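Work through the following exercises with the sequence and the model at hand, and try each task before reading its solution.

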Amino acid sequence: MNKTKKLTYTAVLIAVGTVTSPFVSIPIGFARIFPVQHFINVISAVLLGPWYALAQAFGTSFLRNIFGTGSVFAFPGSMIGAFLAGIVYQRTKKLSFTAGAEVIGTGLIGALLTYPLARLVFGEATALFAFVPSFILSALVGGALAYLLLRAFERRKVLERFQK
């Protein structure tokens with residue numbers, strides 16, 4: 001796939017993530033879970049690769065913060081999850097591993113990296129694992145939905161047309 005097409009897909013996915021965030025974002029504790037972001041992360045990881053998935057996650061997080069539909073905690077979680085999912089798909093070409101990488105990247109690694117950010121933003125000690133359950137839940141729902149859609153595309157040979 002050429003760079004212009006990848007940039008176009010990235011922009012469309014950023015737009016979808018930004019536009020849907022007011023309707024699907026669920027506040028839980030300090031964070032707002034947004035399963036659509038994780039759905040989009042897995043889609044972009046498979047279609048575009050790790051670097052464009054990372055750019056998509058950053059762009060969506062940035063716009064959601066500007067429009068007030070996201071929190072600063074969207075950055076570490078979504079960006080790490082998208083990038084890790086892209087690397088895993090690039091190496092394995094397995095959709096299940098890719099969705100799992102989104103959950104691990106966002107739900108565990110991203111949530112743990114959110115802890116120092118929370119201390120900085122709130123100026124108080126939060127529980128180290130306070131973000132893990134909500135991040136895992138959000139990534140699990142979004143990753144599972146993306147897996148189901150991509151698996152259906154794969155069976156019908158639609159996925160390979162998108163990747164060209």
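**Exercise 1.** Determine the handedness of the crossing of α2 and α3, and then describe the geometry and make-up of their contact.

*Solution.* The crossing of α2 and α3 is right-handed, where right-handed means that the near helix is turned clockwise from the far one by less than a right angle, and left-handed that it is turned anticlockwise. The model is a predicted one, in which local features need pLDDT of at least 70 and side-chain atom pairs count only at pLDDT 80 or more, whereas totals for chains, interfaces and linings use all residues. Residues are numbered from 1 along each chain as its sequence is written, and side-chain values use heavy atoms, with hydrogens and water left out.

Next, take the axes: those of helix α2 (residues 35-48) and helix α3 (residues 50-67) come within 8 Å and cross at roughly 150°. That makes α2 roughly antiparallel to α3 (under 35 degrees is roughly parallel, over 145 roughly antiparallel, 65 to 115 roughly perpendicular and the rest oblique). The contact, meaning heavy atoms within 4.5 Å, is made on the α2 side by Gln-37, Ile-40, Asn-41, Ser-44, Ala-45 and Leu-48, and on the α3 side by Tyr-52, Ala-53, Gln-56, Ala-57 and Thr-60. Sorted by class, this contact of α2 with α3 has six nonpolar, five polar and no charged residues.

**Exercise 2.** Repeat the analysis of axes, handedness and contact for α2 and α6.

*Solution.* The axes of α2 and helix α6 (residues 132-155) come within 7 Å and cross at roughly 45°. That makes α2 oblique to α6, and α2 passes α6 in a right-handed crossing. From α2 the contact takes in Pro-35, His-38, Phe-39, Val-42, Ile-43 and Val-46, while α6 contributes Ser-138, Ala-139, Val-141, Gly-142, Gly-143, Leu-145, Ala-146, Leu-149 and Leu-150. By class, the contact of α2 with α6 has eleven nonpolar, four polar and no charged residues.

**Exercise 3.** Identify the buried residues of α1, state what they pack against, and examine Thr-18 as one of them.

*Solution.* The buried residues of α1 are Lys-6, Thr-10, Leu-13, Ile-14, Gly-17, Thr-18 and Ser-21, and these pack against α2 and α3. Thr-18, which is found in helix α1 (residues 3-24), is buried because its relative accessible area is 12%. Leaving aside neighbours within four places in sequence, Thr-18 is in contact with Thr-60, Leu-63, Arg-64 and Phe-67.

**Exercise 4.** Decide whether Lys-164 is buried or exposed, and find the residues with which Lys-164 is in contact.

*Solution.* Lys-164 lies in the segment after α7 (159-162), and at 60% relative accessibility Lys-164 counts as exposed. Leaving aside neighbours within four places in sequence, Lys-164 is in contact with Met-1 and Lys-5. The C-alpha atoms of Lys-164 and Lys-5 are separated by 9.6 Å, although the two residues are 159 residues apart along the chain.

Methods: Axes are lines fitted to C-alpha atoms, for helices over the stretch in contact, and angles run from 0 to 180 degrees between N-to-C directions. Helices (H or I, at least four residues) and strands (E, at least two) are DSSP runs, numbered from the N terminus. Ala, Val, Leu, Ile, Met, Phe, Trp, Tyr, Cys and Pro count as nonpolar, Asp, Glu, Lys and Arg as charged, and the others, Gly among them, as polar. Buried means under 20% relative accessible area, exposed over 50%, partly exposed in between (1.4 Å probe, protein chains only).
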